[in-house]
Amino acid sequence: MLVKFAVKNYRGFENRIEWDLSKVRNYEFNTSAIRHGAVKSGIIYGPNGSGKSNFGLAIFDIVNHIGQKWKKADYYFNFVFAGAQKQMVDFEYTFQFGDAKIEYNYSKTYRGVLKKERLSFDGQQVFNRSESNFELDESMFAMDASVKVGLSSNANNVSIVNFLLTSYPLPKEHFLLQLQDFVNSMLWFRCLEQREFIGLESNAHLIEEYIIQKELVKDFEKFMEEVSDQRFDFVYPRQNDKQLFCYIKGSPMPFSLVASTGTHSLELLYFWLKHLEDAAFVFVDEFDAFYHFKLSQAVCRKLFALDCQVFMTSHNTQLLTNDLLRPDCNFLLEKNEIRAFHDCTEKELREGHNIEKLYRGGTFAI
């Protein structure tokens with residue numbers, strides 16, 4: 001699990017911003033939103049322009065150089081805080097795998113070149129690479145002096161984590177393999193003007209073609225009715241069809257033409273739900289931008305029921321209810337800080353409180 005993340009000098013975040021998912025309270029409701037002492041499911045709120053989308057992208061920077069499934073071609077066009085282009089962007093991650101804790105910090109230039117990298121396992125430094133120095137715990141990884149010299153200069157700026165993963169035979173439960181598996185199972189996606197994603201899948205599919213090839217048309221039809229009360233009578237596809245058709249008063253019409261923007265967003269959600277059995281961490285940006293409030297709640301319950309960590313960004317304050325989550329799982333991001341709602345007020349929050357009403361009334365502030 002990801003239990004802590006911090007970033008500095010990234011896009012709109014001039015100063016260091018830290019997200020500590022281990023700061024949970026002893027609420028006795030919605031306990032499934034907490035796992036192993038850290039937040040498993042949550043929603044991030046904040047004013048327009050506060051940085052919610054950028055914060056999600058920052059978390060997924062690690063997928064860029066450890067994972068093999070990165071996809072965001074324009075990512076480095078706006079990478080460093082505009083007022084400090086010559087300074088590096090600093091990333092800090094803390095992961096918890098069982099009883100083991102991994103701390104992984106690194107720094108990149110404005111073009112995304114990896115310049116500094118440090119990793120610790122259960123408080124013991126494994127390696128530390130700066131721009132001119134390289135330290136390695138050789139009790140964990142024995143290394144020839146010539147190799148250490150090469151990694152010290154590291155002219156091609158390879159990730160030390162990736163070097164160790166590809167150069168040493170490691171046992172199945174090794175902490176570096178656990179880290180790699182987690183990162184390879186991370187997914188960020190959104191559906192606004194265009195559909196975008198980072199991680200989990202190495203190839204983008206045409207969604208309707210995927211539904212047809214996997215013989216999921218009836219399942220998709222059932223999903224749409226269960227989640228949104230929309231009833232579509234799909235035409236049974238022929239072999240090699242790549243487009244869904246549905247009957248409108250007896251006449252077949254392309255589904256892409258009759259579906260609303262929100263329905264297209266649900267189609268994307270359906271696609272990813274079919275790929276999340278092995279997911280470790282999911283971040284959905286502006287997940288309900290086109291949803292009715294009842295649909296937003298239904299989608300939340302679907303996603304929060306997944307076995308992995310799931311976080312979303314939203315402006316829909318009707319989701320700020322203790323029926324869905326709890327005050328230590330809802331987060332407010334503004335003024336270059338992110339805090340759980342229980343840390344944004346001196347008021348003691350209880351299960352019976354109307355969190356949305358308190359938020360609209362100005363109870364919570366950073």
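Modeller: A residue is called buried when its relative accessible area is under 20%, exposed when that area is over 50%, and partly exposed in between, the area being computed with a 1.4 Å probe on protein chains only. The model is a predicted one, in which local features need pLDDT of at least 70 and side-chain atom pairs count only at pLDDT 80 or more, while totals for chains, interfaces and linings use all residues. Residues are numbered from 1 along each chain as its sequence is written, and side-chain values rest on heavy atoms, with hydrogens and water left out.

I begin with the charged pairs. Side chains of opposite charge can pair when their charged atoms come close. The term salt bridge is used here for a side-chain nitrogen of Lys or Arg within 4 Å of a carboxyl oxygen of Asp or Glu, and the structure holds 17 of them. One of these joins the side chains of D219 and K274, with 2.8 Å from N to O. Because D219 belongs to helix α7 (residues 217-228) and K274 to the loop between α9 (261-273) and β15 (281-284), this pair ties together parts that are 55 residues apart in sequence. Helices (H or I, at least four residues) and strands (E, at least two) are DSSP runs numbered from the N terminus. D219 is partly exposed at 31% relative accessibility, and K274 is likewise partly exposed, at 36%.

A further salt bridge is formed by the side chains of R231 and E225, at 3.2 Å from N to O. Here R231 is exposed, with a relative accessible area of 62%, whereas E225 counts as partly exposed at 35%. In helix α11 (residues 355-360), E356 and R360 are four residues apart, about one turn of the helix, and their side chains meet in a salt bridge of 3.3 Å, N to O. E356 is buried, with a relative accessible area of 18%, while R360 is exposed at 62%. Salt bridges also link R16, E18 and E92 in a network.

The loop between β18 (337-340) and α11 contains H342, which counts as buried at 6% relative accessibility. The side chain of H342 reaches the backbone oxygen of K23 at 3.4 Å; this is a polar contact, meaning a pair of N or O atoms within 3.5 Å, of which, within protein, one must be able to donate a hydrogen and the other to accept it, with residues adjacent in sequence counted only if both atoms are side-chain atoms. If contact is taken as heavy atoms within 4.5 Å, and neighbours within four places in sequence are set aside, H342 is in contact with K23, R25, Y27, P327, D328 and L349.

I turn next to the rings. Rings of Phe, Tyr and Trp (its six-membered ring) pair if their centres lie within 6.5 Å, and planes under 30 degrees apart count as stacked, over 60 as edge-to-face and the rest as tilted. By this rule there are 36 aromatic pairs. The ring centres of W19 and F55 are 5.6 Å apart and their planes stand at 70°, so this pair is edge-to-face. Since W19 lies in strand β2 (residues 17-20) and F55 in helix α1 (residues 52-59), the pair ties together parts that are 36 residues apart in sequence. W19 is buried at 1% relative accessible area, as is F55 at 0%. F141 and Y168 have ring centres 5.2 Å apart and planes at 75°, so they too are edge-to-face. This pair links distant parts of the chain, with F141 in the loop between β10 and α3 and Y168 in the loop between α4 (160-167) and α5, 27 residues apart. Both F141 and Y168 are buried.

The elements named with this last pair complete the picture. Helix α5 (residues 175-184) is mostly covered, with eight of its ten residues buried, including F175, L176 and L177. Strand β10 (residues 134-136) runs antiparallel to β9 and is joined to it by three bridges, where two strands are said to pair if DSSP finds at least two bridges between them. R129 has F134 of β10 as its bridge partner, and a hairpin of four residues connects β9 to β10. S152, in helix α3 (residues 145-153), is in contact with E131, S132, N133 and F134 once neighbours within four places in sequence are left aside.
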